[in-house]
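Dear colleague,

Please find below the structure that I am handing over to you. My notes on what was found in it follow directly after.

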Amino acid sequence: MAGRISKETVSQIYNQTDIVALIGETTKLERRSGNDWWGCCPFHHEKTASFHVDGDKRMFYCFSCHKSGNAVGFAMETQSLNYLEALQYLAKRSGITIQYEEGYGNNNEKYEYDDTKDRLIELYERTANMFNYFLLETQEGKEALDYLTKRGLTRETIEKFRLGYAPKNYKWLKQFLKSKNFSDEFLAQSKLFSKNYPDIAFFSDRVMFPIFNRHGQTVAFSGRILHSKDPKTDRKYMNTPEMIQYKKRETLFAFNFARNAIRTSKTIIFCEGNMDVIAYHQAGVENAVATCGTALTEDHLKMIKGLAETIILAFDSDDAGQEANKKSIYMCRRQGFTVKVLQLKGGKDASEILQNFGKENLTNQVANSILDSDYLLNRLGELYLLDTPEGKSKAAFEFFDYVDSLQSYSHKESSLDQLCQTLNLSPEAVRKDFQNRKQTKPQNTIQPVRQTNIQKVQNPKIQMNAEMRGILAVVCNLEKFSELQGKVSESDFKNPAAIELYNILKECYEENLLSLPIILDRCKNEELVPIITQAVSSNAYAVEDSKFVADFVKFLNKNKLESRISELQVLIRNFTICSEEDKEVLNTLLKDKMQLEAEKLQLEKEMRNNI
């Protein structure tokens, strides 16, 4: 259902929400008098309670960081919800049925509610239940079940995490969901099916790991392959892309199970993958979570503010894991957390240690995690020759980055003392280098690449690939957009920033408002603005070639063909023939692939002739 939430319902939600109980789930509160409650602020790190909750007035205020608000604001901040999602969440807690009406007041748009997210969650919940059924109750899922039990997982653990199996049959999921009254149009946007072949399920013959939101609802999947025909090309894991109900930067695997343990122990363990998390939980270490296909972010840390004081990093011991440790240490320290590092011994991961040595060994290793400063100092000995003056100098300056991330001056002092002892350097010399570190930092001996007349915009969120450079060239030569219009569409782009910029150009063109000021004004992504202005100002994208647009269109078409060919290759490789009808489908896929490859060859020939 979609519509505007009535003002009576909004008032009812505010009046019936027990704000003390709500906030008490995130941080421990103690009554001082009447209905006045105090605790440590969940929005910043502190050890002395300065956070006040007034149960009668239904509001909160922190005397240290000045964060304040009501129940809806608290739910929005602590659970990464928008205004309407927070209303819905609180209504459900209080057993309130949301009523809708045509609208009222001057802020109708504030109360507009779109139930697409709810329907997607319902869809994913039903799908997770069926995956779980196939795993536990069918002969077809027996091999997947054997795989999990051989990894040491018990039936109880499998049921707790609702693990599942996606069968080989590519048609069953579409037929099942349509029988539950989900339309073809809705299923097409669910990301559970092939984009170009909507009857073919995205996941097949894989062990399925449901990814839950903080309320325990399934919002995404991660599927591990069971049978790999070509280890070089087959993806070990396939994951649901980001959608309205699933944002990787705001999701932690098993956070719904770990939350109470985190609150009780004031400690959280960040692991590398889902199987590691499950192994910890089975061993009784229930404060373990993992990020979902992304590095640890400040949004993740925001989720645990007020719950945890100490973070244990349990990443892999390879180079990528070590680099992730270092970056995460700095970020966590800047947010005021105590940080430890877990270096597992006796196995490559927690799952292997649980399987080979049992629960006690794993829990003991967790208890023996070392402080981040000890970990980083030990790493310096692996990275630099500490018996040479140059090696000591480089090691000291690397450790200064850690000292910079610390919030306490006394902690900075003691860490510098620890560095002096490790490197056998005088405190005076180390402190002088630390104070003057920006001027005296040892230079890298590798020569930098010669700069062009354009300085690179330091923006990791926007990928400056060929798509982005092409659409930027159009922005810098707006008269060229009329040649592009009608020959490409939004679906021809993959880069999110290029998609946004193309849509802005198209809207402005159709409204006869195609000018640079209007384009900049319509950029929702503020990070696009400096990229555009720099490109225009530098004149780096001036186009004199009259065939520029035609070449750009061919480039986009070639990319689209390659993407479809790649998708077909995966479908064909994983295709299982169960009937005569399946043979016909496979033949159609093969013919489509040949046709696309022929089109690609012709396009490449045309592009070569234009050079």
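Accessible areas here come from the Shrake-Rupley method with a 1.4 Å probe. On that basis, the protein chain has an accessible surface of about 31600 Å², and carbon and sulfur atoms account for 47% of that surface. Please note that this is a predicted model.

**The chain as a whole**

The protein chain holds 611 residues, of which 45% are buried. Its secondary structure comprises 27 helices and 18 strands. Among the contacts in the chain with a separation of 6 or more, 65% are made by residues 24 or more positions apart.

**Two helix pairs**

Helix H18 spans residues 409–423 and helix H19 spans residues 427–435. Their axes come within 10 Å and cross at roughly 125 degrees. Angles from 65 to 115 degrees count as roughly perpendicular and those over 145 as roughly antiparallel, so H18 is oblique to H19. The crossing of H18 with H19 is right-handed. On the H18 side, the contact involves Glu413, Leu416, Asp417, Leu419 and Cys420; on the H19 side, it involves Pro427, Val430, Arg431 and Phe434. By class, this contact of H18 with H19 has 6 nonpolar and 3 charged residues, and no polar ones.

The other pair is H21 with H26. Helix H21 covers residues 466–476 and helix H26 covers residues 548–573. The axes of H21 and H26 come within 11 Å, with a crossing angle of roughly 150 degrees. H21 and H26 are therefore roughly antiparallel to each other, and their crossing is left-handed. H21 contributes Ala466, Glu467, Gly470, Ile471, Ala473 and Val474 to the contact, while H26 contributes Phe548, Phe552, Phe555, Leu556 and Asn559. By class, the contact of H21 with H26 has 8 nonpolar, 2 polar and 1 charged residues.

Most residues other than glycine have a negative phi. Against that background, two residues deserve a mention.

Arg162 has a phi near 50 degrees, a positive value in a residue other than glycine. Arg162 is placed in the loop between helix H7 (155–160) and strand E9 (164–166). Is Arg162 buried or exposed? Arg162 counts as buried, because its relative accessibility is 17% and the cut-off for burial is under 20%.

Asn181 is not a glycine either, yet its phi is positive, at about 70 degrees. The loop that holds Asn181 runs between helix H8 (172–179) and helix H9 (184–188). Asn181 counts as exposed because its relative accessibility is 72%, and exposed means over 50%.

**Lys326 and its surroundings**

Lys326 is situated in helix H13, which spans residues 319–334. With a relative accessible area of 22%, Lys326 is partly exposed. Which residues does Lys326 contact, leaving aside its neighbours within four places in sequence? They are Leu376 and Glu398.

With kind regards

Key:
Residues numbered from 1 in each chain as written. Predicted model: local features only at pLDDT ≥ 70, side-chain atom pairs only at ≥ 80, totals over all residues. Heavy atoms only, no water. Helix = DSSP H or I, 4+ residues; strand = E, 2+ residues; numbered from the N terminus. Buried < 20%, exposed > 50% of the residue type's maximum accessible area, 1.4 Å probe, protein only. Axes fitted to C-alpha atoms, helices over the stretch in contact; angles between N-to-C directions. Parallel < 35°, antiparallel > 145°, perpendicular 65-115°, else oblique. Left-handed = near helix turned anticlockwise from the far one by under 90°. Contact = heavy atoms within 4.5 Å. Nonpolar A, V, L, I, M, F, W, Y, C, P; charged D, E, K, R; others polar.
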